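Let's take a friendly look at how charged side chains pair up in a protein. Here is the model to explore.

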Amino acid sequence: MPLVANSDLPTFERLRQEGETIIPKEVAIRQDIRGMHIGLLNMMPDAALAATERQFFRLIGESNQIAQFYLHPFTLPEINRSQEATEYIKKYYQPFEQLQEEGLDALIITGANVTQPQLSLEPFWEPLIKIINWAYDNVTSTLCSCLATHAVLEFRYHQPRQRLPVKRWGVFSHQVVDRNHPLVRGANTRFDVPHSRFNDISMDQFKKAGIHILAESEKGGVHLAVSEDLFRIVFFQGHPEYDSISLLKEYKREVLRFVHRQREDYPPFPKNYFCLKSQAILEEYKDQIIIARDNGSSIPDFPESLVVNSLDNTWHDTAETVLNNWIGNVYQVTHHDRCIPFKEGVNPHDPLGLRCRNTAIS
């Protein structure tokens, strides 16, 4: 949360110059404190629907222990669902039309499973564009995760994603390349992020689009970036919301696909994720699987219990910091009326005053 400059102490001005959010005393006195309303457009498939909710809800809740958040999950009816998932959504999710009427302060858009060779052929493509365009005009800031980032880069910036030679899968180290941006204020200058994707938006593509990169990785690619106004759209290519066991669950799923002959090769390990002991356990299990499958004998249980306690989470603390910074800055510039994106006096083309500040410095 921001600091209130309740005196003329020089430290307040020094911190403000360094990029910290410092509120003048007279402004703080007039602030009308209210809860924040954050939408979650959950496009994940049925098996991951509730887990994705929990991951993002947890990340938001743990990022700030003072502010009050009203979270509004919704999805797209164009996404094919089972009867059970449809009933779940009908019972617990809100229609997009209701959120349009009531308004949101911020929006998070998840990834999704794709079934077509091009994103523009997906049944969710047009409705997703509609929501993103609505959000840009009516929501203070939108955070795009993974596939949502790829969709925005394609339809808004004309930068289609490119197929990778092999799946980018694992935990990769990233370097903050703009340490002065408020989203990475207080974050580790080097931090890990899980990735799990077959496609990529390259650094050159982000730059051609005029998007400002905040964190990148030599092996993982660009993870964190912001739109040309430096705040209204936040882009994730990785999955900082992942639980410690998320990649383990993905690996187990791929092993089972091999067992059922849905993939020909045995899946490799996610990079930089399993310790040596866990790798040895899983290599032994691989040998058992191959023998059992070839002999037509029963498949042994996946040794999850022998591996799960050795998994390290090296990304969640930085993810909390970035989410806290994002939410905090939304709070400072959003209008009291949820249907209006910015308070009076905020420049929508430079909502945090960063472009103006950088120009003045240069």
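Lys 249, at 39% relative accessibility, counts as partly exposed.

Keep in mind that you are looking at a predicted model. In general, side chains of opposite charge can pair when their charged atoms come close.

## Two more links across the chain

Arg 81 and Asp 46 also meet through their side chains, in a salt bridge of 3.1 Å from N to O. This pair links distant parts of the chain, 35 residues apart: Asp 46 is in helix α3 (residues 46–63), and Arg 81 is in the loop between β4 (69–74) and α4 (83–92). Buried or partly exposed? Arg 81 counts as buried at 14% relative accessibility, while Asp 46 counts as partly exposed at 30%.

Next come Arg 338 and Glu 102, a salt bridge whose closest N and O atoms are 3.8 Å apart. Arg 338 sits in the loop between α12 (316–333) and α13 (354–361) and Glu 102 in helix α5 (residues 96–102), so the pair joins parts 236 residues apart in sequence. Glu 102 is partly exposed, at 33% relative accessible area.

## The wider picture

How many salt bridges does the structure hold? There are 12. Salt bridges also link Arg 253, Glu 254, Arg 257, Arg 263 and Asp 265 in a network.

Terms used
Residues numbered from 1 in each chain as written. Predicted model: local features only at pLDDT ≥ 70, side-chain atom pairs only at ≥ 80, totals over all residues. Heavy atoms only, no water. Salt bridge = Lys/Arg side-chain N within 4 Å of Asp/Glu carboxyl O. Helix = DSSP H or I, 4+ residues; strand = E, 2+ residues; numbered from the N terminus. Buried < 20%, exposed > 50% of the residue type's maximum accessible area, 1.4 Å probe, protein only.
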